[in-house]
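Subject: Structure handover

Hello,

Here is the structure we talked about. Please open it alongside this message; my notes follow below.

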Amino acid sequence: MNPTAHPIAFVVFLALLAGAIATFAWLMRERVAMLRAAQPSPRLDRWGERWAGVLTYFVGQKRILTRRYRAAGLMHALIFWGFLAVALNTVQFVGGGFSHGFRVPGFAPGTVLGEGYVLVRDLFEIAVLAMVVAAVARRLFVRPQRLTLSWDAIAILGMIGLLMVTDLAMAGIETASTGTAGGYRSVAGRALAPVFEGFSAGGAGLAHAAAWWLHLIALLAFLTYLPISKHFHVVTSLPSVLFRRLDRGSLPTPDLENSERFGVTGFKDLRWKDVLDVYSCTECGRCQEACPAHATGKPLNPKKINEDMRDALFDALPYLSGRRTPPDGWSEPVLPGATIAEDVLWSCTTCRACEQACPLFIEFIDRIVEMRRKLVLEDSSFPTELTAAFKNLEKNGNPWGLNPAQREDWAEGLDIPRMADGPERIEYLLWVGCAGAFDDRARKVARATAKILQTAGVRFAILGAEEACTGDPARRAGNEYLFQMLAQQNIEILNGYGVTRIITQCPHCFNTLANEYPALGGRYEVVHHTEIIAKLIADGRVRLRDGGDHAATVTFHDSCYLGRHNGIYDAPREALAAVPGLRLVEMPRSRDNGFCCGAGGARMWMEEKLGTKVNHNRVEEVAGTGARVVAAACPFCVTMLADGVNETGRQESLEVLDVSQIVADRLAAGGDGADRSA
Ligand code: SF4
Ligand code: SF4
């Protein structure tokens, strides 16, 4: 049975193959040209870690097989592994078109490798077929809300199914006719042979030829359809995982002095990794389900950002890649405001839940903030509430516009040295942050932290009135000028005092000081207050007593900037677990799956006008645990949760405290003075 034995059949085979490869190459050329036209993105480092991630996340499908999506994940993983398994079979199939009976060296019939491989291939082909049927049924009948239900997906699944059916059919026909499938002892061939046993020799030949040509057409159609569909991820997912972000939560730092344009306007302003991300999205909707903005009815849906950008990009690709001359009047698509609506961009809390959930490590935050930069710095278009925050940051160094001289008021009576006083043998600078300095609740957290440090004998000082906002809210709101101005001012002061080690109670300050100041010349060892508190307890430098009037059951709310952005999940839990008599219960959405409080990404300074409130959503979840106290480790989380508790009428049943307040309340020596009133 040699379908290309006739010269005309061979010419048709060659023409189809050459046509498909040429089309694929032509489409790929456009897409690669776009990647080359985009901006640099430094991802060519830490190769060991990158390839280890490829094994874990690409080959091992680790992010696909999360507990939440186990059934759907297994479906995808089996199809993916099946594809890997049949790759060799495909090489033999195409090779057979040139030379009948072609076998990859070492995999000939009768060899251990060859027979073993055919057994694996058979099992995967059956599994893939079953998964394809299940996936189509799921899309047509179950219709999960997170999936984009397009005919594109059905067409691709149909092609995959056809590839499996035709290959299995060929094995069955060959086994029925000759006793083997191309010389191999195929399990699937033997199982299907009875279906074809009644066929005459001519009928079997015809059926085999039909299966062979259908298999070839499905294979080539799949190849040419990939680059123009959402299944382009079959090609791009390996590079997406390989070039995934490895650094912590820092945004790109542009050279403002030598820039003429700011942020992202069009596709060529994106970094090549952003373009690759737009190509790679599978529309699985996991980011959509993780997004707090989407969950609370805001106009933002991260999946849709990718879909809208891809639609616009694919329309413009022939012109952007230089393949075609644009018609008169054509202009490059504008992204912020036109392709992606402004209220979509301003809804993001930069919580990183989408990036954490995405199996392909697709990034959103940098793209969103870069578009905000364009709106703020080039168009002066931003929510009116931000005007006051920007002005206050510029004039007073804090978003509330309060007098910088009041920055030290929280420390009254605590005998904490200022760096300006020239204290000796200082181990740490305590970075108080604007909230710790000015917000009533956060001031109590600062006092609790200071009390713990003093009890443990940690030598620390503060900047007092010399401290200014790190610039985090300005940066996340797109005002990069203001951020760099504040950062440079702080770095000058910190470096002037020779500061090397910093403690901060604010995860936003932590993230900015640790991850973003190095690009501007500020390099410090930064620890979060929960880290040092947990360490002091573990080292026996802080001892806690039993008793007190705390509630016995506590749940911990993960701050996005402490957890997902910086990987600190254990320290606050260890500190809480060390408190005698306290029982820690977890919320369903915790650790890297934690749900935002709604304040990040400068949302703290914007009104939440649309949908339901993010903090209400979170407080409902807190209440569901039965905990009497929700502990947090971020001043913004404390504020948002406390507001949520008050606004949902739970003041009597639920208390919001920072981890440091709970610990300070139980200090064995002098621990009875911590102010816990909210
Ligand atoms: S960072 Fe958070 S708020 Fe922004 S798109 Fe992602 S999940 Fe949604
Ligand atoms: S960005 Fe990632 S998680 Fe979101 S739909 Fe695309 S592939 Fe899925």
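In which loop does Phe361 lie? Phe361 lies in the loop between helix H14 (353-357) and H15. More on that residue further down.

First, the ground rules. This is a predicted model, so local features need pLDDT of at least 70 and side-chain atom pairs count only at pLDDT 80 or more, while totals for chains, interfaces and linings use all residues. Residues are numbered from 1 along each chain as its sequence is written, chains are lettered from A and ligands numbered from 1 in the order in which they are written, and side-chain values use heavy atoms, with hydrogens and water left out.

Overall picture

The protein has 26 helices and 8 strands. Helices (H or I, at least four residues) and strands (E, at least two) are DSSP runs, numbered from the N terminus. The C-alpha trace spans about 100 × 65 × 45 Å along its principal axes. Of the 678 residues, 57% are buried. Buried means under 20% relative accessible area, exposed over 50%, and partly exposed in between (1.4 Å probe, protein chains only). Take the contacts between residues at least 6 apart in sequence: 80% of them join residues at least 24 apart. Contact means heavy atoms within 4.5 Å.

The sheet

Four strands form an open sheet in the order E2-E1-E3-E4, with parallel pairing. E2 and strand E4 (525-528) stand at the edges, each with a single partner strand, so one side of each has no neighbour in the sheet. Two strands pair if DSSP finds at least two bridges between them. E1 pairs with strand E2 (residues 460-461) over 2 bridges. E1 and E3 are joined by 3 bridges, and E3 and E4 by 4 bridges.

Leu429 has partners in two strands. Ala461 stands opposite Leu429 in E2, and Ile502 is the bridge partner of Leu429 in E3.

H21 lies across E1, E3 and E4, and runs at about 165° to E4. Axes are lines fitted to C-alpha atoms, for helices over the stretch in contact, and angles run from 0 to 180 degrees between N-to-C directions. 9 of the 10 residues of H21 are buried. Among them are Pro507, His508 and Cys509.

Phe510 lies in helix H21. Its relative accessible area is 6%, so Phe510 counts as buried. Leaving out residues up to four places away in sequence, Phe510 touches Thr504, Asn515, Val526, Val527, His528, Glu531, Asn566 and Ile568. Phe510 and Asp570 are 60 residues apart in sequence and 16 Å apart in space, C-alpha to C-alpha.

Helix H20

H20 covers residues 480-496; at 1.5 Å a residue its 17 residues should span 24 Å, and the end C-alpha atoms are 24 Å apart, which agrees. That expected span is 1.5 Å times one less than the number of residues. The buried residues of H20 include Leu482, Phe483, Leu486 and Ile493. Those buried residues pack against elements including strand E1 (428-431), strand E3 (501-504) and helix H21 (507-516). Gly498 follows H20 and has a positive phi, near 70°.

H4 against H6

Helix H4 (residues 112-142) and helix H6 (residues 187-196) pack at an angle of about 60°, with axes 7 Å apart. That makes H4 oblique to H6. Leu119, Asp122 and Ile126 in H4 meet Val187, Ala188 and Gly189 in H6.

Loop residues to look at

Most residues other than glycine have a negative phi. Phe361 is not a glycine, yet its phi is positive, near 60°. Phe361 counts as buried, at 11% relative accessibility. Asp415 also is not a glycine and has a positive phi of about 55°. Asp415 sits in the loop between H16 and E1. At 71% relative accessibility, Asp415 counts as exposed.

Finally, Arg271. This residue lies in the loop between helix H8 (233-242) and helix H9 (272-280). Arg271 is buried, with a relative accessible area of 13%. Its contacts, not counting residues up to four places away in sequence, include Arg43, Glu363 and Asp366.

Best wishes

How values were computed: Angles under 35 degrees count as roughly parallel, over 145 as roughly antiparallel, 65 to 115 as roughly perpendicular and the rest as oblique.
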